[in-house]
Each structure stands twice: as structure tokens, then as C-alpha cells.
2 protein chains.
Amino acid sequence: MADFATIGQQFVQFYYNTFDVDRKNLAGLYRDNSMLTFESAAVAGTAGIIEKLVSLPFQKVEHRVDTLDAQPSSEAGGILVLVTGALKVDEEQKPMSYTQVFQLNPDGAGSYYIFNDIFKIIYSAA
Amino acid sequence: MADFATIGQQFVQFYYNTFDVDRKNLAGLYRDNSMLTFESAAVAGTAGIIEKLVSLPFQKVEHRVDTLDAQPSSEAGGILVLVTGALKVDEEQKPMSYTQVFQLNPDGAGSYYIFNDIFKIIYSAA
């Protein structure tokens, strides 16, 4: 079993690659007890989460991960991952900063699923 | 018992008020199994965490919380809190954007302690 930092990195790479190619394919990463808070709108369960992600008002999206930090989050083997980065949507040239936190829980079959997911766009501090 | 969103809000208000007045007084919020990753430097345990926070190269600091989102994070009653905000240090007039995530775990005595803490400054996306 890889360490939590490696798992966090592999997960993040897979997550954003999948998101940017076809975000409905993220369904395999969620479960019925998963939670997503996207720009402060809360949804739960795989179906609700994918419906929310697919309904976002853009066709193309490109995420860039700038930083990633991980910690063990539970005795059960959970992993907390905090990402900061930038994304561009559709033909917009100007990237937006974002932060996203995941708690990954073991799925009992040697892999992980997303239990917690909170996403926020970051606006300028000034 | 208050709900997770209310607990998250009360915690965040108390945390930054304490940080900005005298950050060594945050010791009561950590335990020996707590983890802090501050700008990607990882420390663990109350003593190590407070030593790190006290050693940060500023005297005055003022945090402003812009957004706060919380989710339940474990069956044991944990709470995940993602904060975005801005801070100013010493005589610097220009605020810096930051994001910080906490996992609060029940302490068995009716309150909570910080189990996970990851802090990152956000630089401009451009």
C-alpha cells in the first residue's frame, strides 16, 4: 500500500484529468454517503453530486494544480487532501484561483472513494 | 449539541480571534496526535505545532474570514471546515489570500480539538 502522500497525489491527478475530459465519469469516485459542497451549495450521494457537476455552466474546463498537501485523517485510513490551483473555463483566458479539500476513505476493496469534497473559488484578497 | 455548521462557525471565530491576540494560546485546541501542515511544512503534536506557530516571522497578524463551509467528516462526530480569507501581518497594508482546512474531532468531554490543520497562502492565478 502506498503512503498517504502518494495516494493523495495519484488521486488528485486522476480526479482533475477525469473532470476535464468528461466530468460525469467522476461517478466511480463517489458513494451514496459522499458529500459535495460546491461554492457553498451542498449535495450528497453519487447521483446528486454528478448531476451538480454536469450542470455547471461550462463545456470546457482545465484545472491546474499548484499545491497539494495531504495528512492521514482517521484511524480507519482516511486521507485529507488540500489542493490550491487555477482553472479556465470555455474560451475564457483568465484563470480563476480555487481551493478544494477532499477526504478520501478506504472503500474496503483496496481503493478509496471521496467521502468529503468542498470546492471554493478564491477571489482577490484586496 | 449544536449542529456541525454552527460548531464550525464558532470554532473558526474562536480560532482566529485567539491566533490574532496571542497565538500560543491556541495550545488548548490541539492534542498530541494533532497534525499541522503550514505552507507545506508538517509538524505534529501540541508542542511542535505551537512552536511552529509562535516562530512565524511576524508580530501582529489579522485574519479575515471570507467563506466557511463545513461537513460532517466521520461517524465519530468529526467536522471538516474549509476556510478562505485574507490576512495582514505587521505593518503590511496589502492582504494575502489564504485557505485553511481543519478536521475537528470530539474530545470525549463535550468539546472538540483540531486533529487535522492545513494552511496555504494563495497566490494570484495569473
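Modeller: One term is needed to begin: buried area is the accessible area, taken with a 1.4 Å probe, that two parts lose on being put together, summed over both. Bear in mind that this is a predicted model.

Biologist: Fine. How much area do chain A and chain B bury between them?
Modeller: The two chains bury about 2500 Å². Of that, 62% is on carbon and sulfur atoms.

Biologist: How many residues does the contact take from each chain?
Modeller: It takes 31 residues from chain A and 31 residues from chain B.

Biologist: How can chain A be laid on chain B?
Modeller: By a turn of 180° with a shift of 0.0 Å along the axis, which gives an RMSD of 0.0 Å. The two copies are therefore related as by a two-fold rotation axis. The same surface serves both copies, and 100% of the contact residues of chain A recur in chain B.

Biologist: What about polar contacts across the interface of chain A and chain B?
Modeller: There are 13 residue pairs in polar contact, counting pairs with both residues at pLDDT 80 or more.

Biologist: Which strands of chain A supply at least two residues each to the side that touches chain B?
Modeller: β1 (30–38), β3 (61–72), β4 (79–89), β5 (96–106) and β6 (112–122). The largest share, six residues, comes from β6(A). By class, that side of chain A has 15 nonpolar, twelve polar and four charged residues.

Biologist: Now charges. How many salt bridges are there between chain A and chain B?
Modeller: Two. In a salt bridge between the chains, the side chain of K120(B) meets that of D69(A), at 3.9 Å from N to O. Over all chains the count is eleven.

Biologist: Which residue does K120(A) pair with inside chain A?
Modeller: K120(A) forms a salt bridge with E39(A), with the closest N and O atoms 4.0 Å apart. E39(A) is in the loop between β1 and β2 (41–44), K120(A) is in strand β6, and the two are 81 residues apart.

Biologist: Last topic: which domain does UniProt list for chain A?
Modeller: An unreviewed UniProt entry lists "domain: NTF2" for residues 7–121 of chain A. Over those residues the chain is 22% helix and 50% strand, and the end C-alpha atoms are 25 Å apart.

Notes. Residues numbered from 1 in each chain as written. Chains lettered and ligands numbered in written order. Predicted model: local features only at pLDDT ≥ 70, side-chain atom pairs only at ≥ 80, totals over all residues. Heavy atoms only, no water. Least-squares fit on C-alpha atoms with pLDDT ≥ 70 in both. Contact = heavy atoms within 4.5 Å. Polar contact = N/O pair within 3.5 Å; in protein donor to acceptor, adjacent residues only side chain to side chain. Helix = DSSP H or I, 4+ residues; strand = E, 2+ residues; numbered from the N terminus. Nonpolar A, V, L, I, M, F, W, Y, C, P; charged D, E, K, R; others polar. UniProt positions renumbered as here; feature names shortened; annotations may be inferred.
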